[in-house]
Amino acid sequence: MKESYTTFLRHIGSTTYKVKVYFNDEGKETMEDKILRMIRNEVLETDGECGIMALPQMSRQSERSA
């Protein structure tokens with residue numbers, strides 16, 4: 001199997017993450033297919049319990065809605 005990879009930095013809050021992403025050059029699955037498969041597998045593993053909120057938990061009105 002022939003693999004290649006790319007590395008990038010992602011800043012989240014005050015933490016910087018160095019991310020290395022591997023690609024299988026001979027792979028048949030698209031990135032979209034892979035993400036959808038991962039989401040489906042997560043739903044099956046958790047019996048569909050997602051913890052969805054009934055109402056938005058906002059203490060003040062969004063600035064975008066003003």
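The entries below follow the order in which I looked things up.

**Entry 1, the model and its fold.** I note at the outset that this is a predicted model. I looked up the secondary structure and found one helix and two strands in the chain, arranged along the sequence in the pattern β-β-α.

I then asked what share of the 66 residues counts as buried. The value came back as 0%, where a residue would need a relative accessible area under 20% to qualify.

I checked the span of α1, which has 15 residues and reaches 21 Å from its first C-alpha to its last, close to the 21 Å expected at 1.5 Å a residue. After α1 I came to Asp47, whose phi is positive, near 55°.

I looked up the volume of the largest pocket, which is about 170 Å³, and then its lining, which consists of Tyr22, Phe23, Asn24, Gly27, Lys28, Glu29, Thr30, Met31 and Lys34. Which elements each supply at least two residues of this lining? They are β2, spanning 15-24, and α1, spanning 31-45, and β2 gives the most, with three residues. Sorted by class, the lining holds three nonpolar, three polar and three charged residues.

Why is Asp25 classed as partly exposed? I class Asp25 this way because its relative accessible area is 42%, and that class lies between the 20% limit for buried and the 50% limit for exposed. Leaving out residues up to four places away in sequence, I found that Asp25 touches Lys2, Glu3 and Ser4. For one of these, Lys2, I also noted the distance to Asp25: the two are 23 residues apart in sequence and 5.8 Å apart in space, C-alpha to C-alpha.

Note on methods: Residues are numbered from 1 along each chain as its sequence is written. This is a predicted model: local features need pLDDT of at least 70, side-chain atom pairs count only at pLDDT 80 or more; totals for chains, interfaces and linings use all residues. Side-chain values use heavy atoms; hydrogens and water are left out. On a 1 Å grid over the protein atoms alone, a cavity is a set of points where a 1.4 Å probe fits but cannot get out, and a pocket is an open set with protein on both sides within 12 Å along at least five of seven lines; lining residues have an atom within 4 Å of a point. Grid points are joined across faces, edges and corners, and a volume is the space filled by probe spheres set on the points. Helices (H or I, at least four residues) and strands (E, at least two) are DSSP runs, numbered from the N terminus. Ala, Val, Leu, Ile, Met, Phe, Trp, Tyr, Cys and Pro count as nonpolar, Asp, Glu, Lys and Arg as charged, and the others, Gly among them, as polar. The expected span of a helix is 1.5 Å times one less than its number of residues. Buried means under 20% relative accessible area, exposed over 50%, partly exposed in between (1.4 Å probe, protein chains only). Contact means heavy atoms within 4.5 Å.
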